[in-house]
Amino acid sequence: MSFTDHIIAFLQNGGPFIYPIALVLVVGLAITIERWLYLSSAHRTNQKAFALIKEALKKGDVATISQHAQNNKAPVFDVLQSGIVRISQADRREDVEYAMEETIMEYMLRLEKRTPFIATLANIATLLGLLGTIMGLIAAFSAVASADPAEKANLLSSSISVAMNTTAFGLITAIPLILFHSTLQTKTATIVDSIEMAGIKLLNSLSFNKHTDSDRG
């Protein structure tokens, strides 16, 4: 019996709750793949953006950063540009920082979109597995109660085995989804941290240039 045949037999013997758990698995994997592709694209775009403005950030060259921002849609450029725009309206560091934090929060909503659903689906898969097992055990004991005494042991053991398949499949679904959720959260945090780092570098460079100009004056 091949591995594929084992899987088919496992699913067929799991009872009706196998199907909603399988649906949860498919939906969870679809969300994971979509989020992974989106976050990977955002990460690559930001890395290319950092390479373009590395020296400009060190010097506080807002003109160069603004020029690159006009031709680049990387999230880090939008965050820095919001701070640069605020510089012309307010001199306080806090005001510029608040402007960039507002834009970062907007991007966090996009980066974290649908990711929490994966953890929810993992919990649902676990609970469906337990519910399927409980319902299977109830049906098994009900069937055993009216069965021939000679067949009770075999009937009960086979029924319990089938019921346990549901819990096993629920855990098989939930464990990878939890790992995927944790991985996506880590990837999101990495992107957000890198954007915040760029904003802090710009603020520090501007503050240094401002103090240097004041000392010369």
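Of the 217 residues in the chain, 35% are buried, where buried denotes under 20% relative accessible area, exposed over 50% and partly exposed the range in between (1.4 Å probe, protein chains only). The model is a predicted one, in which local features need pLDDT of at least 70 and side-chain atom pairs count only at pLDDT 80 or more, whereas totals for chains, interfaces and linings use all residues. Residues are numbered from 1 along each chain as its sequence is written, and side-chain values use heavy atoms, with hydrogens and water left out.

The secondary structure comprises seven helices and zero strands, helices being DSSP runs of H or I with at least four residues and strands runs of E with at least two, numbered from the N terminus. Among contacts with a separation of 6 or more, 80% join residues 24 or more positions apart, a contact meaning heavy atoms within 4.5 Å. The accessible surface of the chain amounts to about 12900 Å², and 63% of this area belongs to carbon and sulfur atoms; areas were computed by the Shrake-Rupley method with a 1.4 Å probe, and for residues only the protein chains shown count as cover.

Helix H2 spans residues 18–59 and contains Ile-33, which is exposed, with a relative accessible area of 52%. Ile-33 also contributes, with Leu-29, Trp-36 and Leu-37, to a nonpolar surface patch of about 390 Å²; such patches consist of residues with over 30% relative accessible area and no salt bridge, with nonpolar side chains (Val, Leu, Ile, Met, Phe, Trp, Tyr) joined within 5 Å and like charges within 9 Å, a salt bridge being a side-chain nitrogen of Lys or Arg within 4 Å of a carboxyl oxygen of Asp or Glu.
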